[in-house]
Amino acid sequence: MVKVGLVQMSCVKEPALNLEKAITKIKEAAAKGAQIVCLQELFTSLYFCDVEDYDNFKLAEAIPGPSTDALQKVAAELGVVIIASLFEKRTQGLYHNTTAVIDADGSYLGKYRKMHIPDDPAYYEKFYFTPGDLGYKVFKTKFATLGVLICWDQWYPEAARITSLMGAEILFYPTAIGWATSQDEATNTEQYNAWQTIQRSHSVANGVPVVSVNRVGFEQDGLMKFWGGSFVTNAFGSLLYKASHEDEEVAVVDIDKKSSDSYRTHWPFLRDRRIDSYQPITKRFIDED
């Protein structure tokens, strides 16, 4: 068994305050018994991709860098693994949406750079982020081998499949997704259900638990409500925990890593994969000859 902590929180404009708040909530999760704590996407700032503004590049930092330095001290002090999503400045003019993983002894294990970059109204991420070039990653921590993917990656079964095939025992998705406050409730419900369903399907198809951590609260001058709804599944897609759509929450959920073996044995999707037939998946679209 491994105890996983989720930090669902609102953010403010000042990065230092967000980092301080996140550390406080990591300590709260650890006090509840958490061994692995996952923070939401880009937790040190407001979600700045609602506009294309060159000043926002000033929010980026090196990884490893100041935020990982602070979190490494916390991880070592508490004996917890920390999954931290940050805006990475790789070099002048080259930026990534990146998650760092810190082991329970405070050591920096490495980073994953977001592969799928959206570009939609109020989510202008292609303006800021270069697509990841590290490939899919797993991290062997003290408590589990983790797979980390980020937000828009959630919609792609290929990403979950490859990360699972690399040996991930749990898939983590730091996320920032919300509803336009002008939107009707039926559309809100449909969008959230689709978001949760696609991620639960990754659990079913791959036989691994999924941990999805979203931000909460109103941003963009009240035009966007980040919908929270963070959740955890078991290795067959059943919900173990779901957060509210309104409140900050620090939750600790027990995950049974051994259950993957049972589900994969009784539902042997990996056994029955026809890998000899999947070559067409590398095409953008399968046109008729």
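This is a predicted model: local features need pLDDT of at least 70, side-chain atom pairs count only at pLDDT 80 or more; totals for chains, interfaces and linings use all residues.
Q: Which residues have the most contacts inside the largest nonpolar core?

A: A nonpolar core is a set of buried residues joined through their side-chain atoms. In this structure the largest one has 58 residues, and Ile36, Phe87, Phe172 and Val211 have the most contacts inside it. Strand E8, which covers residues 170–175, gives the most to this core, with four residues. Apart from it lies another core of 24 residues, including Val7 and Ile63.

Q: What is Ile36 in contact with, leaving aside its neighbours within four places in sequence?

A: Among its contacts are Val2, Val4, Ile83, Phe143, Leu146 and Phe172.

Q: How many disulfides does the structure hold, and why is Cys38 too far from the closest cysteine sulfur for a bond?

A: A disulfide needs two cysteine sulfur atoms within 2.5 Å, and the structure holds zero of them. For Cys11, the nearest cysteine sulfur is that of Cys49, 13 Å away. The closest cysteine sulfur to that of Cys38 is in Cys151, and because the two are 12 Å apart, they are too far for a bond. Cys11 is buried, with a relative accessible area of 10%, and Cys38 is buried as well, at 0%.

Q: Is Lys111 buried or exposed, and which polar contact joins its side chain to that of Glu88?

A: Buried means under 20% relative accessible area, so Lys111, at 16%, is buried. Lys111 has its place in strand E5, residues 108–113. A polar contact of 2.7 Å joins its side chain to that of Glu88, and the side chain of Lys111 also reaches the backbone oxygen of Ile63 at 2.7 Å.

Methods: Residues are numbered from 1 along each chain as its sequence is written. Side-chain values use heavy atoms; hydrogens and water are left out. A nonpolar core is a set of buried Ala, Val, Leu, Ile, Met, Phe, Trp, Tyr and Cys residues joined through side-chain atoms within 4.5 Å. Buried means under 20% relative accessible area, exposed over 50%, partly exposed in between (1.4 Å probe, protein chains only). Helices (H or I, at least four residues) and strands (E, at least two) are DSSP runs, numbered from the N terminus. Contact means heavy atoms within 4.5 Å. A polar contact is a pair of N or O atoms within 3.5 Å; within protein, one must be able to donate a hydrogen and the other to accept it, and residues adjacent in sequence count only if both atoms are side-chain atoms.
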